[in-house]
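Student: Could you help me learn to read backbone torsions and helix packing in a model? I would like to start with a single residue.

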Amino acid sequence: MAFEPPQRLVRALGETAPDGDDWLEKLPEAAHQAVALRELTVERVQMPGGRSSLVVLVRQPDGTPAVLKLAPPRARPQSERAALAHWGGTGAVQLLEPLVTEGVLLLERLRPDLSVRSLPEAKALLEAAGTLRRLWVEPPAGHRFETVAERTGRQAEAMRATASADAEVATLVDAALAAREELLAAPPERRLLHGTFRQSKVLAGERMPWLAVGPDPVVGECAFDLARLVRDRVEDLIASPSGAATTRRRVKRLAESLEVDQERLRGWTLFRAVESGVRARRVGRPQDAELLLEFAGWL
């Protein structure tokens, strides 16, 4: 079978990954080797797929359905493996093998066509929040996961560089960076976080109704993880005359339901929205940038 990477993945790597071209060139052979080593039967490449990995629907030698995932180094697949192993299937997709192959994961098969995002908004937020709560556990002793301070520190440097050359975003960047500094001064807890949680990262499963996939794990406070969920369906929020009020209510409702400080959630939501908006602007996605920065302005 030809393991043709989806165009969505090709575009995403072209935007952000210096190792993208090299990894893409080696991808077909790496996929063939991963399949042969595990004696898998390939069904199909998942389309349109994600922005950071190739996902292949396969069957194990005994016929059990599974997912083979291949990711480049910049997607930190070794960190994903460590987090999934620590969660042990509680709230998240389960690892199916102890075999450690660089950049390759064999995972239980969920329903790639059915995510929490397919539910009505209120129900989707409820189910997503419940899934996220199960992931917030103590990190393993001696862990090597990136911290929130480290990750946002790298992001802050890029934001400053963009703002210095783009006066239109300078005010929002200043506000986001100030919020980050205040939030990092006294973090209330250190938990293992999903890192890139949103409704589309929660898929229907067999052993549990909903399970999270695709973590980019990080260790820090829970409000950082929840902040990404606040802006889900941002295009609908922007299109609504009551979008700003709905956003503020969503912050309050999610903070209360997951026992997170509301102001800390608002602060991390601001930082993450501005960071994503500035990054979208930098890599040539002006429409995404406009939505995210308008959303950030409501906070």
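Tutor: Gladly, and keep in mind that this model is predicted. Burial is read from relative accessible area, with buried meaning under 20%. R233 has 13% relative accessibility, so R233 counts as buried.

Student: Where does R233 lie?

Tutor: R233 lies in the loop between α7 (222–230) and α8 (234–239). Look at its backbone too: phi of R233 is near 60°, a positive value in a residue other than glycine.

Student: Which value does phi take at R76, and is R76 buried or partly exposed?

Tutor: Phi of R76 is positive, about 55°, although R76 is not a glycine. With a relative accessible area of 24%, R76 is partly exposed. Its place is the loop between β3 (65–70) and α3 (77–87).

Student: Is the peptide bond from M47 to P48 cis or trans?

Tutor: Omega is the angle to read here: it is near 0° from M47 to P48, and the bond is cis. P48 sits in the loop between β1 (41–45) and β2 (54–59).

Student: Now for helix packing: at what angle do α10 and α11 pack?

Tutor: Angles over 145 degrees count as roughly antiparallel. Helix α10 (residues 262–282) and helix α11 (residues 286–297) pack at about 160°, with axes 8 Å apart; they are therefore roughly antiparallel to each other. The crossing of α10 past α11 is left-handed.

Student: Which residues make the contact?

Tutor: Among them are L270, A273 and V274 of α10, and L292, L293 and F295 of α11. By class, the contact has 11 nonpolar, three polar and two charged residues.

How values were computed:
Residues numbered from 1 in each chain as written. Predicted model: local features only at pLDDT ≥ 70, side-chain atom pairs only at ≥ 80, totals over all residues. Heavy atoms only, no water. Axes fitted to C-alpha atoms, helices over the stretch in contact; angles between N-to-C directions. Helix = DSSP H or I, 4+ residues; strand = E, 2+ residues; numbered from the N terminus. Parallel < 35°, antiparallel > 145°, perpendicular 65-115°, else oblique. Left-handed = near helix turned anticlockwise from the far one by under 90°. Contact = heavy atoms within 4.5 Å. Nonpolar A, V, L, I, M, F, W, Y, C, P; charged D, E, K, R; others polar. Buried < 20%, exposed > 50% of the residue type's maximum accessible area, 1.4 Å probe, protein only.
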